[in-house]
Amino acid sequence: MDTPLLNYLLTLLFFSTFLHPSLSADQLCNPRDKRVLLRIKRAFNNPKVLASWDPHTDCCQWNCVTCHHETHRINSLIVSGGLPGHITPHIGDLPYLETLVLLKHNDMVGPIPRAITKLKRLTSLTVSWTNISGPVPNFLSQLRSLTSLDLSFNNLTGPIPGSLALLPNLTSLHLDRNKLTGPIPASFGQFRGSDFYLYLSHNRLTGQIPSSLGTKRDFSHVDLSRNRLEGDASFLFGPRKRVHAVDLSRNLLKFDLSKVRFSKRLTWLDLNHNLINGSLPVGLTALDFQSLNVSYNRLCGSIPVGGELQRFGYTAYFHNTCLCGSPLGSCQ
């Protein structure tokens with residue numbers, strides 16, 4: 001190639017790359033994904049949080065999104081604060097999306113759209129701290145790739161769909177801080193994921209905790225606090241369980257605590273404000289507790305001496321029927 005032609009091509013490449021970077025950078029952004037993102041922006045009335053979504057620039061460089069390093073398809077959409085109105089069904093038109101987070105949107109309302117079920121690659125779904133309402137949809141069980149589902153701190157109502165237990169890869173479920181009613185589905189003992197995090201607190205759940213939850217040994221964290229649950233919960237514990245933290249506080253649970261055996265993995269136990277009777281088992285002294293609260297129950301007998309039990313103040317034990325010993329008053 002002769003020198004003048006080579007110089008001409010190099011000059012052309014320089015100007016096209018450096019003076020018009022969007023012409024080459026646009027090649028990274030899939031045009032279909034870009035069109036969908038711009039529809040999403042319009043559906044939310046062009047909010048400030050999406051101001052970087054300029055149609056003349058590469059969408060892989062926009063705020064709140066990431067692209068796969070090889071395919072350059074949008075695989076993550078994470079928006080915190082500033083989205084008003086309903087969740088647009090256009091979100092379902094991002095077929096390579098793996099992570100969707102909509103967090104702290106006070107003006108976000110309405111139900112979860114069915115279009116979200118088109119996101120077959122989605123592994124993590126978070127819609128939290130919003131004012132969305134309606135039920136927890138049954139159709140979420142179609143998102144078979146989900147490992148984490150967080151719908152906490154919303155205004156969701158109605159029963160919890162048992163079909164969520166059909167999600168084969170789920171290891172974390174947060175439905176806490178809503179207005180959910182009815183019982184805990186018996187199917188929740190069938191979750192396949194290990195080291196499972198189950199958070200259903202601060203709702204209006206009623207009835208008994210299904211005994212099927214006791215058949216799953218690998219719950220890691222269980223929080224059923226601040227509901228209206230009643231009856232037995234002793235089956236959640238056991239020496240072979242892998243559970244690290246259990247919060248059953250502020251319910252109507254009633255069982256004999258003295259007959260319960262605990263796993264050595266347990267470091268957090270909150271049973272306050274229930275109807276639990278019996279005495280504190282000596283086995284509690286063998287556990288490395290970070291937090292313990294059994295106050296406001298119907299416990300009797302002396303508090304076992306040893307381990308971490310005396311480290312917690314009297315508020316961890318007070319307002320029981322006849323519990324005594326350090327850190328409470330001495331037994332008569």
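Which residue in E19 does Asn277 stand opposite? Asn277 faces Arg298 in E19. This is a predicted model, where local features need pLDDT of at least 70, side-chain atom pairs count only at pLDDT 80 or more, and totals for chains, interfaces and linings use all residues. Residues are numbered from 1 along each chain as its sequence is written, and side-chain values use heavy atoms, with hydrogens and water left out.

**The sheet.** Strands (E, DSSP runs of at least two residues, numbered from the N terminus) pair if DSSP finds at least two bridges between them. Here, an open sheet of three parallel-paired strands has the order E17-E19-E20. Strand E17 (277–278) and strand E20 (322–324) each have a single partner strand, so one side of each lacks a neighbour in the sheet. E17 runs parallel to strand E19 (residues 298–302), joined by two bridges.

**The cavities.** A cavity is a set of points on a 1 Å grid over the protein atoms alone where a 1.4 Å probe fits but cannot get out; lining residues have an atom within 4 Å of a point. A volume is the space filled by probe spheres set on the points, which are joined across faces, edges and corners. The whole structure holds two cavities of 30 Å³ or more.

| Cavity | Volume | Lining residues |
|---|---|---|
| Largest | about 60 Å³ | Lys216, Arg217, Phe219, Val222, Leu236, Lys241, Val243 and Val246 |

How values were computed:
On a 1 Å grid over the protein atoms alone, a cavity is a set of points where a 1.4 Å probe fits but cannot get out, and a pocket is an open set with protein on both sides within 12 Å along at least five of seven lines; lining residues have an atom within 4 Å of a point. Helices (H or I, at least four residues) and strands (E, at least two) are DSSP runs, numbered from the N terminus.
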